Amino acid sequence: MPASAPITQDVVTIARKLPETDRINLVGLTRPQLREALIAGGTPENKAKMRVDQIWQWIYQKGVREFDAMTNLGKTYRAELAERFTIEIPEVVSRQVSADGTRKYLVRIAGGHEVETVYIPEADRGTLCISSQVGCTLTCSFCHTGTQKLVRNLTAGEIVGQVMLARDDLGEWPEPGRNPKDETRLISNVVLMGMGEPLYNFESVRDAMRIVMDGEGISLSRRRITLSTSGIVPEIARTAEEIGCMLAVSFHATTDEVRDKLVPINRKYKIAELLDALRAYPKLSNSERITFEYVMLKDVNDTDADARRLVKLIQGIPAKINLIPFNEWPGAPYERSDWERIESFADIIYKAGYASPIRTPRGEDIMAACGQLKSATDRARKTRAEIAAEAGLNT
Ligand code: SAH
Ligand code: SF4
């Protein structure tokens, strides 16, 4: 029976004989996609909305993975669902817990590929850092992930699945009817700052974040989701319009000459063009301010003159500047700026009226800090020469 044949009751019976792998995973489907899948699987159209609501709540509000546990659905219907669909999230291969409480999960996705997800508990929040790609097409010269070729984009299910597996591990599926306030949650914030460039996997990231924000599910406010981009200018307005989350930008340099080397996508989208897109973002997304991430690299981008240039460049943009002391990784071509240098840099920015927190490296002992993530899926390694060539180093 071809998969595209019209679905009738008979087809549903035949569909029961489909091998396991042909069952459709419901995790990551948007509400309209879930509705379509249910109807195609035999759910009557006039009941589809109610079924979507019920199943959605079981999956995303209660964390249920078995249709049989969905007690407000009839027994026969549950069995039919189980034969046609699955509720699957990626598998945790290993979990490391740092001395500072940071947890790093090595996560296996279909095809045997691996990504990393990091949970960072702090006094006033718990942040989950999730990945959007296996590897990265870009080659920022200070980033460990950038040494790994892009293997593939994650699906929406694999992206939202990282939030779900962390909730499993932290035991954070609320009691029925008790949805905790954002600020008391273990996972109170989600940042797209793991492996990959989220704006090169736009649709899946968007769909996954819409699921995370959905009020009938995980229900995290859009203000508690931050997407970090290296500066894919054409996708920035779309991020405001279609996701509406907070935006962070990996700025890292104050001249095109230096940024071209650190963040090679700058050769395509220059600083001035990037700043124009950022200037428009807060209004388009109705969010307060942009986070500028700035990695502190010794003798590369860390002078007082850089700090002053930075302040001048971002004039008029509501901003916070997050200074990230460089996190080292084996073979990295840079060193972390000295502490006094970082403080002096921070001071200039602070005096210009911007918050300038210095990001304390977390989970360094388990290589979970910013830019240290790189899956053990090492088959597709970029060569040192490729990285150097793209970054314009040694040339
Ligand atoms: N690809 C996206 C998101 C992932 S990187 C982006 O580039 O924005 C998350 C942040 O960590 C980025 O600001 C990135 O520039 C920074 N980063 C990468 N490698 C780092 C390192 N070794 N030390 C400190 N920060 C790093
Ligand atoms: Fe990719 Fe971001 Fe790393 Fe650059 S910093 S290589 S965009 S993951």
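Predicted model: local features only at pLDDT ≥ 70, side-chain atom pairs only at ≥ 80, totals over all residues.
Residues are numbered from 1 along each chain as its sequence is written, chains are lettered from A and ligands numbered from 1 in the order in which they are written, and side-chain values use heavy atoms, with hydrogens and water left out.

**View 1. The protein as a whole.** Twelve helices and 13 strands form the secondary structure of the protein, where helices (H or I, at least four residues) and strands (E, at least two) are DSSP runs numbered from the N terminus. Of the contacts (heavy atoms within 4.5 Å) between residues at least 6 apart in sequence, 68% join residues at least 24 apart. The protein exposes about 17,400 Å², of which carbon and sulfur atoms supply 51%; accessible areas come from the Shrake-Rupley method with a 1.4 Å probe, and for residues only the protein chains shown count as cover.

**View 2. The shell around ligand 1.** Ligand 1 is surrounded by 20 residues, the closest being G196, S228, S250, H252 and N327, where a residue is near a molecule or strand if one of its heavy atoms lies within 4 Å of it. By class, the shell holds nine nonpolar, nine polar and two charged residues; Ala, Val, Leu, Ile, Met, Phe, Trp, Tyr, Cys and Pro count as nonpolar, Asp, Glu, Lys and Arg as charged, and the others, Gly among them, as polar. The unreviewed UniProt entry lists G196, E197, S228, S250, F251, H252 and N327 under "binding site", an annotation that may be inferred rather than shown by experiment.

**View 3. Polar atoms facing ligand 1.** An oxygen atom of ligand 1 lies 2.6 Å from an N or O atom in the side chain of S228. A nitrogen atom of the ligand is 2.9 Å from a polar backbone atom of N327, and a backbone N or O atom of F142 lies 3.0 Å from a nitrogen atom of ligand 1. Taken alone, ligand 1 exposes 530 Å², and the protein buries 95% of that area. Strands β10 (225-229) and β12 (290-296) are the elements that give two or more residues to the shell.

**View 4. E197 and S228.** E197 is placed in the loop between β9 (189-192) and α6 (202-213), and S228 in strand β10. E197 counts as buried because its relative accessibility is 3%, and S228 counts as buried at 10%. Leaving aside neighbours within four places in sequence, E197 is in contact with residues including S132, Q133, C136, L138 and S228, while S228 touches, among others, L192, M193, E197, A248 and E293. The side chain of E197 also makes a polar contact with the side chain of T229 at 2.9 Å; such a contact is a pair of N or O atoms within 3.5 Å, and within protein one must be able to donate a hydrogen and the other to accept it, with residues adjacent in sequence counting only if both atoms are side-chain atoms.

**View 5. Two loop residues with positive phi.** Most residues other than glycine have a negative phi. In S219, which is in the loop between α6 and β10, phi is near 60 degrees, a positive value. Phi of D299 is also near 60 degrees, and D299 is found in the loop between β12 and α10 (304-313), where it counts as exposed because its relative accessibility is 70%.

Technical notes
Buried < 20%, exposed > 50% of the residue type's maximum accessible area, 1.4 Å probe, protein only.
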